[in-house]
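The sequence and structure are shown first.

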Amino acid sequence: MDKMTERHTIGVLVDNEAGVLARVVGLFSGRGYNIDSLTVAEVDQNDHQSRITIVTTGTPQVIEQIKAQLGRLVPIHGVTDLTVEGPHVEREMALIKVAGGGETRVESLRIADIFRARVVDSTINSFVFEITGSTDKINSFVGLMRPLGLVDVSRTGVVAISRGDKPM
Amino acid sequence: MASAELTGAEIVLKSLVDQGVKVVFGYPGGAVLPIYDAFFEQNKIKHILVRHEQGAVHAAEGYARSTGKPGVVLVTSGPGATNAVTGLTDALMDSIPVICLTGQVPSHLIGTDAFQEADTIGITRPCTKHNYLVKDTQDLAKIMHDAFYVATNGRPGPVVVDLPKDVMINTGPYVGPKRAQHSSYKPQVKGNLSSIKEAVELIASAKKPLFYSGGGVVNSGPGASTLLREFVRQTGAPITSTLMGLGAFPSTDESFLGMVGMHGNYEANLAMSECDVMICVGARFDDRVTGRLDAFAQKSKKIHIDIDPSSINKNVPVDIPIVGDVGHVLEDMLKVWKSTARKLDKKANASWWATIAKWRERDCLKYLPGKDIAKPQYVLETLQKAVDGKDAYVTTDVGQHQMWAAQYLKFQDPNRWLTSGGLGTMGYGLPAAIGAQVAHPKSPVICVTGESSFMMNIQELSTAVQYRLPVKILLLNNRYMGMVRQWQELLHGNRYSESYMESLPDFAKVADAFGLESLFADHPDQVENLIADMMACEGPVIAEVMIDQKENCFPMIPSGAAHYEMILGPNGDQPAVSAKGAALV
Ligand SMILES: Cc1ncc(C[n+]2csc(CCOP(=O)(O)OP(=O)(O)O)c2C)c(N)n1
Ligand SMILES: [Mg+2]
């Protein structure tokens with residue numbers, strides 16, 4: 001990776017209408033920007049607005065372009081660069097399936113406990129853990145589970161919000 | 001208190017009328033039959049039947065560019081919509097407001113690969129400013145008005161409204177164009193005042209200032225051109241223009257250095273390179289203007305006025321960005337300039353102009369006159385004499401003839417010069433001329449074209465004949481895709497791979513077959529008469545001039561080169577093009 005590139009987390013408030021996600025994703029692919037993670041869900045049922053959180057990497061110039069390009073999409077209400085606009089919280093959730101028996105099974109439980117992961121499904125020879133935290137935390141948890149019988153990982157991608165009492 | 005409901009097709013028609021639309025360029029088909037039925041035997045809106053949907057969009061562009069009003073297109077689903085895609089992309093690149101209504105298969109068939117179904121919304125998403133699929137006749141009127149708002153506000157562009165057939169047949173309420181704000185799209189029109197003051201300060205301190213204006217000035221409206229003229233006069237600084245901006249400032253004015261960029265004037269490009277303060281007004285630092293970026297205008301501080309925030313710092317970092325409508329920003333700048341009684345440094349300015357005068361002496365547009373075969377430059381100079389003072393509209397196609405037209409014609413007013421800049425679409429010229437002629441039936445409209453481009457939308461001759469549109473087609477025939485040949489000469493060792501136009505039709509017979517007049521000249525001595533006859537023609541006419549096949553367009557900044565590495569005419573020095581440059585477009 002170019003040493004000039006930076007990782008930014010960008011929040012985008014959009015009208016929850018058909019095709020809006022395609023517009024955002026098409027913008028990134030069409031102009032050659034990176035998407036490291038993207039999440040979207042409706043956050044306001046009355047106004048039908050969704051919030052998209054995009055984690056991207058690029059040079060400062062590209063990051064500025066990304067925000068400007070997002071800003072001019074018609075159904076977009078606001079764009080906020082959480083990385084530059086003060087402190088914020090970033091979380092990801094993951095469901096992680098681990099299979100095995102004996103000592104590895106016990107070890108996976110012990111590590112899950114340290115990471116505050118919950119068991120949400122269990123069979124004689126498998127667990128599904130639910131874990132929430134930063135991307136790094138989930139990466140290391142997944143890393144630790146790998147030798148212990150990791151079977152499947154499903155992650156939400158990053159959601160983020162600024163600290164303090166102000167809206168985006 | 002719901003008023004009487006209308007069918008979707010009636011709502012489409014009524015909203016067009018309420019938006020002030022006078023003309024629609026279109027082509028019917030199964031999915032739009034209900035709309036065509038509503039158009040039948042009404043006289044509020046004139047429908048111009050084109051011969052290909054690409055022609056409809058270019059005609060709408062020509063209408064829009066020459067009037068400042070949005071152009072409207074109506075096409076059917078599937079192939080009708082896909083044929084419109086080139087025109088939409090062209091309008092997006094050149095910021096032309098176009099509303100394109102596309103038919104769609106009935107809602108319940110969407111997604112079933114129905115006859116003439118295409119994912120129009122998916123296909124046109126990246127080539128429109130915005131697009132809408134209307135799912136319910138209830139929403140139709142609002143969407144129609146929104147489409148006009150989006151196409152014409154902020155940086156203008158094309159908007160597609162995709163209309164499933166059942167939505168056209170079902171009924172719904174009509175609402176008029178509302179004045180209320182759009183819920184999410186609110187472009188900034190007023191510039192930030194402290195940035196404007198800062199910019200005025202910087203301009204006043206300049207020793208070698210240069211205005212660099214673009215299509216944004218034309219888009220902003222005639223008021224912006226007037227303000228630009230006044231500001232340039234107030235400062236006494238020189239000005240250059242992009243291809244798209246020609247006409248915003250009078251070409252014959254002493255302050256005007258000519259066009260900038262790849263085929264721009266020597267003095268304009270060197271001024272760009274040497275200036276210490278650049279005032280970019282509604283232009284976007286396109287690669288055709290900047291040449292090699294790391295060598296572009298290194299000595300200047302840059303002010304950039306643009307309504308589109310994404311144009312700022314996209315290619316070239318600027319020192320004072322001002323987001324806003326060019327007209328509003330210039331108005332405020334001029335106020336600040338006057339109220340603070342600013343003046344440029346007299347001595348510095350005089351020596352800047354003296355430098356420019358030296359560059360001008362190079363007379364970069366000089367060419368060797370043709371003895372037995374006409375030089376294209378001469379044809380255009382002759383055309384210029386013929387249209388002087390006539391308020392003519394000129395469209396072009398794409399290639400050498402386009403650049404020669406840009407170099408040799410003298411534009412006095414905005415909205416008179418219609419050319420495909422950003423996309424460089426061959427086949428733009430004739431339909432755009434048709435659109436302009438529809439809008440200005442009494443004015444001369446001239447399409448300067450090349451034999452290869454002309455054939456890309458030649459079917460539109462039939463449209464011109466049907467509506468008695470007296471477009472004047474000045475066909476510069478060099479029997480080559482001249483611009484391609486020029487690049488092959490420069491970059492590919494004269495290997496003219498597929499750039500010779502074999503089996504050209506006899507254009508006089510083409511004219512005859514379509515039912516229009518034709519004129520022909522194959523000697524320089526005949527050119528003056530040919531152009532006089534062309535101007536006198538009352539109907540559409542093809543005026544074909546055989547021109548020197550080997551003529552190249554200069555000056556030229558080869559791709560990947562810097563402004564100061566310009567290639568000049570036949571007697572100039574010819575720097576070699578780098579391998580890196582040859583890989584660029
Ligand atoms: C639709 C399209 N296809 C291909 C090109 C590439 N191209 C640019 S200029 C040119 C040649 C144009 O020839 P002509 O119309 O005869 O103009 P001339 O350069 O000879 O004046 C071509 C093929 C283009 N600009 N547009
Ligand atoms: Mg040619």
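In this predicted model, ring pairs join A:F115, A:F127, A:F129 and A:F141 of chain A into a cluster.

**Aromatic pairs**

Over all chains, the structure contains 18 aromatic pairs. Among them is the pair formed by B:Y480 and B:Y500, which is edge-to-face because the ring planes stand at 75°, above the 60 degrees required, with the centres 5.1 Å apart. B:Y480 belongs to the loop between strand 18 (472-477) and helix 21 (482-491) of chain B, whereas B:Y500 belongs to the loop between helix 21 and helix 22 (507-514) of chain B; the pair therefore ties together parts that are 20 residues apart in sequence.

The two tyrosines can also be described by their accessibility. B:Y480 has a relative accessibility of 12% and so counts as buried, while B:Y500, at a relative accessible area of 38%, is partly exposed.

| Helix pair (chain B) | Angle | Axis separation |
|---|---|---|
| Helix 1 (residues 8-18) and helix 7 (residues 137-152) | about 25° | 10 Å |
| Helix 3 (residues 53-67) and helix 5 (residues 85-93) | about 25° | 7 Å |

With an angle of about 25°, under the limit of 35 degrees, helix 1 and helix 7 of chain B are therefore roughly parallel to each other. Their crossing is right-handed. On the helix 1 side of this contact are B:G8, B:I11, B:V12, B:S15, B:L16 and B:D18, and they meet B:T137, B:L140, B:A141, B:M144, B:H145 and B:F148 of helix 7.

Helix 3 and helix 5 of chain B are likewise roughly parallel to each other. Here B:Q54, B:V57, B:H58 and B:E61 from helix 3 meet B:T86, B:G87, B:L88, B:D90 and B:A91 from helix 5.

**A buried serine**

Helix 11 (residues 222-235) of chain B includes B:S225. With a relative accessible area of 2%, B:S225 is buried, because this value lies under the 20% limit. Leaving aside residues up to four places away in sequence, B:S225 touches B:V217, B:A248 and B:P414.

Definitions and conventions
Residues numbered from 1 in each chain as written. Chains lettered and ligands numbered in written order. Predicted model: local features only at pLDDT ≥ 70, side-chain atom pairs only at ≥ 80, totals over all residues. Heavy atoms only, no water. Phe/Tyr/Trp six-rings, centres within 6.5 Å; stacked < 30°, edge-to-face > 60°. Helix = DSSP H or I, 4+ residues; strand = E, 2+ residues; numbered from the N terminus. Buried < 20%, exposed > 50% of the residue type's maximum accessible area, 1.4 Å probe, protein only. Axes fitted to C-alpha atoms, helices over the stretch in contact; angles between N-to-C directions. Parallel < 35°, antiparallel > 145°, perpendicular 65-115°, else oblique. Left-handed = near helix turned anticlockwise from the far one by under 90°. Contact = heavy atoms within 4.5 Å.
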